[in-house]
Amino acid sequence: MKLWRGLFGGLIGAVYVFLMLPIAIVVMASFNSTRALRFPPEGFSLRWYVAFFESEPFMESFRLSLVLGVAATVASVLIGTPAALYYVRFAGRWREAFRLYVLAPLLLPEILTAIALLFFYYQIGIGTKSVAGLFIGHVVVCIPFVFLQVTASLYNLSPSLEEAARSLGASPWMTFLRITLPLIKPGVINGALFAFIISFDNVSISLLLKGIGSTPLPMQLFDYLRWGFDPTTAAASVVSILMTLGAVVLVDRLVGLRAMRF
Amino acid sequence: MSGIARAKWLLAAPVGAMVFGFFMVPYLNIVVMSLRQPSTTQAYGPGFTTDNFVKAATDPLYVVTLLDTLRLAAMITLITLALAYPVAFHLARTESRWRGVLYGLVLSPLLVGVVIRTFGWIILLANNGLINQAMRQLDLPRLQLMYNEFGVVLALVHIFLPFMVLPLMGAIQGIDPRLEEAARSLGADKRRVFLRVLLPLSMPGIQSGCILVFVLACGAYVTPLLLGAGRVHTTTTVVVHQLELFLWPFGAALALVLSLVGLMVVWLYARLSGRVLRGQS
């Protein structure tokens with residue numbers, strides 16, 4: 001009995017260690033003072049962070065990823081929120097088909113979506129010359145996350161509140177702004193958080209749709225890793241982790257985090 | 001009144017247009033592309049053909065890659081399930097005050113991009129990586145941990161583990177603990193309680209977790225490319241390679257064959273596990 005309980009506990013502990021291991025290793029590598037990471041580590045240094053912030057290609061990618069992430073988040077919130085409202089409040093017979101339609105980009109492998117968009121862009125003649133194509137690709141894969149979060153919070157909101165406002169003479173637009181939106185705000189903000197993280201960490205879409213001179217940060221890391229080892233990538237990784245972690249903490253403070261339910 | 005009816009419709013219009021224009025049409029376009037004639041000078045030649053599908057489905061090179069991809073995905077799914085079940089069970093039933101922290105630990109890898117997590121594994125598993133340095137210091141032989149299936153499977157199990165824990169946890173939380181107590185008090189040992197009570201009742205969670213991880217594993221690209229480094233071929237790496245060679249119609253056909261076969265496996269699995277579910281209820 002005791003032996004089994006010990007084994008069970010040990011297995012669970014091992015899985016937690018396994019989950020954190022590669023991330024801890026990257027953080028360690030970013031603070032290592034020498035180029036090659038040895039075990040045990042030799043000395044503490046911030047030189048790779050200095051190298052990262054002084055590297056023009058990395059900084060350019062970092063800026064692009066931030067702008068792209070924010071833009072894709074805003075766009076997918078503006079498209080996904082009304083879609084969720086339609087699905088929960090108004091969709092009739094085609095309800096489930098509509099849900100499947102909105103979630104489709106989540107259900108098919110991202111790399112296939114990227115290939116489909118690449119062919120399409122070349123055939124309509126824009127190719128990968130414009131960042132707009134990359135931006136649209138990000139929006140398409142971000143919308144389902146906003147939709148899922150806002151749908152969940154709309155389910156918890158009684159329609160009678162909106163009906164009361166309407167019967168007291170508020171216009172539909174006024175009802176939405178003054179009643180619905182404030183009450184679903186946590187869902188919208190959590191959806192925005194997911195959208196930002198999905199866009200900021202995206203590789204599959206960016207891999208095929210990035211243009212010359214417009215490489216988002218995860219793609220820049222990917223290219224560096226493909227052709228060798230440079231501890232600057234470790235520093236870039238940690239900065240990128242801190243960005244998403246910062247967004248998570250901010251949302252948690254603002255409205256509280258909500259789990260994603262599929 | 002007609003104003004409101006129109007306004008309702010307008011709510012769905014942006015998402016309708018976006019998904020239609022930049023998802024549905026491009027996917028239909030892949031189907032058309034897969035039927036085009038290959039060409040060496042352009043993206044595709046004039047006329048249509050089914051040769052690309054014949055080649056994708058019969059050429060031993062691509063069939064072996066496809067089977068390898070499915071085998072790896074199945075292996076990853078099973079290992080993930082075996083590791084995730086105890087963790088999900090513990091998280092669903094524990095009353096420890098660390099529950100929130102442990103839950104956060106399971107989910108936190110999702111906040112770290114796939115490239116970064118793969119990078120961590122490279123530092124550990126490379127030929128002169130941390131593990132092999134330790135082996136050398138202990139005068140043990142060097143282990144080949146990367147550039148092979150082992151490394152790819154290990155890293156993908158890591159990446160997909162949270163996707164398995166979440167549905168399992170949901171299913172286990174829905175099982176009344178009194179059912180286990182009842183089985184125990186009626187004389188069932190732990191193994192029987194697990195096999196006859198817990199496992200059948202958590203089957204819906206197992207099913208959705210397995211489907212999710214299998215589909216994700218079939219579509220994985222970055223990790224097989226970086227950790228396999230040209231020595232592990234999956235259908236996705238081969239498809240993207242076709243694009244780099246500008247063999248677009250064939251790449252499109254190959255991608256469609258992978259999606260279709262993957263969907264068929266999922267459908268078969270759902271049917272089989274559905275039968276198991278019904279048989280035991």
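Modeller: Start with contact: two residues are in contact if their C-beta atoms, placed from the backbone, lie within 7 Å. Leaving aside neighbours within four places in sequence, Phe160(B) is in contact with Ile76(B), Thr80(B), Val213(B), Leu216(B) and Ala217(B). This is a predicted model, where local features need pLDDT of at least 70, side-chain atom pairs count only at pLDDT 80 or more, and totals for chains, interfaces and linings use all residues. Residues are numbered from 1 along each chain as its sequence is written, with chains lettered from A and ligands numbered from 1 in the order in which they are written.

Biologist: Why is Phe246(B) called partly exposed?

Modeller: Count other C-beta atoms within 10 Å of its own: 20 or more means buried, 12 or fewer exposed, in between partly exposed, with C-beta atoms placed from the backbone. Phe246(B) has 14, so it is partly exposed.

Biologist: What makes the kink at Ala84(B)?

Modeller: A bend is the angle between axes fitted to the seven residues ending at a residue and the seven starting there. At Ala84(B) the kink is about 30 degrees, shortly before the proline Pro86(B).

Biologist: How many residues of chain A are in contact with chain B?

Modeller: 61 residues of chain A are in contact with 54 of chain B. H1(A) gives the largest share of chain A's side, 13 residues.

How values were computed:
Helix = DSSP H or I, 4+ residues; strand = E, 2+ residues; numbered from the N terminus.
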